[in-house]
Amino acid sequence: MLESPLIGRLETVPFSRFHAKARIVVGSATFFDAFNALALAFALPVLIRLWEITPAQTGFLIGSSYVGQLAGALLFSWLAERFGRVPSAAAATALMSVMSLACAAAGSFPALFAYRLIQGIGVGGEMPVAAAYISELSKARGRGKFFMLYEMIFPIGLMTTSQAGAFVVPVWGWQAMFLIGGIPGLIVTWLLLRLPESPRWLISRGRIAEAEFVVKQIELAGKREIRGQTPNFLDFRNSVSVPESPPNRPERGRWADVLAPSFRSRTFVVWTLWTSAYFVTNSLNNWMPSLYNTVYHLGLQQSLRAASMTNVVQVAVLLVCAFSIDRLGRRKWTVVCFLAGGIGLATLAFRGAQNVTNVIILATLSYGIIGSINAVLYLYTPEIYPTRMRAIGTGLATSWLRLASAVGPAIVGMMVGAEGIGSVFVLFALISAIGAVAALWMIETQGRRLEEIAG
């Protein structure tokens, strides 16, 4: 096949500043994806009192973004397969940034609900496309560490959001969170558009000459790295003309392919993992600032600071994960983390939910541990699908996280008012147990592509 030598060259080229810069630019988009996803959680303690929002309304407001994210994950994954990874990621980033500015200007509950719904389309679209792009730039050997160091940017974004929220909201008001999330994102959009397209996607579309051009740039960057020169791949399009691709039949992925007999079982497993992990973590992440303030009656600044620690712990756990995931494997890490996090949540459910100190310690640790699974899933999911359907497969999988993240906070809002906080932790512990069982059925990839596993 024409593309085989190019794939082989991609697998042998050393990691260089080319890869590092791509990871930084795409990571910047992912950083603000995280910031925009969580900004509302730290604005809510103010808005609940300002607009007299009920617990049920709070749950639906949180869920509105995830409904948009569900649509965005499906839409932009399809666009990424049809038009490319780079323009799709840039369009998603632009949408979420513009709508963040709109959220800052919202003056009522209905307006903010609508703006968060639309913003969610961009937030949901950026991440699966970015994950596919970064995965396709890296080679199989060492992909776990390379990808996880990129993926850490998302929880770092969450951590930054929480720390900024604890400081910014009491001083400058809730609108400042959305301004911070919107303005830099427009700059990142421009940087994304200057990145080269994924060579693996170009190959899958039959654009072999363009793919070879990008591969040559990657190889040249590796050679310059050895000689101590710094390549500037952001500008190479301006200095070298891109040759026209010869006619070639492109591979086309379809939505139905993920449920084909050869993919069906792994697809159902990975959908269960996404649903379980994000039902717990995004419900915790979005509700804890308000719960500390309204249920446990901590002051505004105390509530925001206590909630901000969840993402600090997540980053610490992910740092360990990044340097051990290739050695331990995706499945072992996922099973252990679901079990460990679930035990902490079960302890709160049956013994400690009435004590705010217990909640701060155990909820924070459980979130950090289960939150590391979220990053592993962004690594694992693109590995189980071939290039022609990688963005579609990843997008469909992440749509389950959006659905779980929309339903989870709404359920929490109703359960807190009807059954009390203890019932919420019972639910979280049960969902964690389901995730652990599903993780036992994972296929261990260790960085191998499906083409290498299944032939």
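What share of the 455 residues in the chain is buried? Buried residues make up 60% of the chain. Here buried means under 20% relative accessible area, exposed means over 50%, and partly exposed lies in between (1.4 Å probe, protein chains only). The model is predicted: local features need pLDDT of at least 70, side-chain atom pairs count only at pLDDT 80 or more, and totals for chains, interfaces and linings use all residues. Residues are numbered from 1 along each chain as its sequence is written, and side-chain values use heavy atoms, with hydrogens and water left out.

The chain contains 19 helices and zero strands. Both kinds of element are DSSP runs, numbered from the N terminus: helices are H or I with at least four residues, strands are E with at least two. Contacts were counted next, a contact being heavy atoms within 4.5 Å. Among contacts with a separation of 6 or more, 86% are between residues 24 or more positions apart. The chain exposes about 17,100 Å², and carbon and sulfur atoms supply 66% of that area. Accessible areas come from the Shrake-Rupley method with a 1.4 Å probe; for residues, only the protein chains shown count as cover.

Two loop residues have a positive phi without being glycine. Glu52 has a phi of about 55 degrees. This residue sits in the loop between helix H2 (17-50) and helix H3 (55-83). Glu52 is exposed, at 68% relative accessibility. His297 has a phi of about 60 degrees. The loop that holds His297 runs between helix H12 (264-294) and helix H13 (300-322). His297 is exposed too, with a relative accessible area of 66%.

Pro55 belongs to helix H3. At 44% relative accessibility, Pro55 is partly exposed. Pro55 and Val416 are 361 residues apart in sequence, yet their C-alpha atoms are 7.9 Å apart in space. Leaving aside neighbours within four places in sequence, Pro55 is in contact with Trp287 and Gly413.

A nonpolar patch lies on the surface. Its members are Phe60, Val67, Phe113, Leu117 and Ile118, with about 400 Å² of accessible area together. Patches are made of residues with over 30% relative accessible area and no salt bridge; like charges are joined within 9 Å, and nonpolar side chains (Val, Leu, Ile, Met, Phe, Trp, Tyr) within 5 Å. H3 and helix H5 (109-137) each supply at least two residues of the patch. H5 gives the most, with three. Phe113 is in helix H5. This residue is partly exposed, with a relative accessible area of 30%.

A pair of aromatic rings is described by the distance of the centres and the angle of the planes. Rings of Phe, Tyr and Trp (its six-membered ring) pair if their centres lie within 6.5 Å; planes under 30 degrees apart count as stacked, over 60 as edge-to-face and the rest as tilted. The whole structure holds 14 aromatic pairs. The ring centres of Phe167 and Trp172 are 5.8 Å apart and the planes stand at 75 degrees, so this pair is edge-to-face. Trp172 is exposed, with a relative accessible area of 59%. Trp174 and Phe178 also form an edge-to-face pair, 6.1 Å centre to centre with 80 degrees between the planes. Trp174 and Phe178 are both buried. Trp51, Trp174 and Phe178 form one aromatic cluster.

The structure has five salt bridges. A salt bridge is a side-chain nitrogen of Lys or Arg within 4 Å of a carboxyl oxygen of Asp or Glu. Glu81 forms a salt bridge with Arg85, with the closest N and O atoms 3.0 Å apart. Glu81 is buried at 7% relative accessible area, and Arg85 is buried at 0%. Arg85 also meets Glu136 in a salt bridge (2.5 Å, N to O). Glu136 lies in helix H5 and Arg85 in helix H4 (residues 85-104), so the pair ties together parts that are 51 residues apart in sequence.

Another salt bridge joins Glu383 and Arg330 (2.7 Å, N to O). The pair links distant parts of the chain: Glu383 is in helix H16 (residues 356-383) and Arg330 in helix H15, 53 residues apart. Glu383 is buried at 0% relative accessibility. Arg330 is buried at 0% as well. Helix H15 covers residues 330-352. The side chain of Arg330 also makes a polar contact of 3.2 Å with the side chain of Asp326. A polar contact is a pair of N or O atoms within 3.5 Å; within protein, one must be able to donate a hydrogen and the other to accept it, and residues adjacent in sequence count only if both atoms are side-chain atoms.
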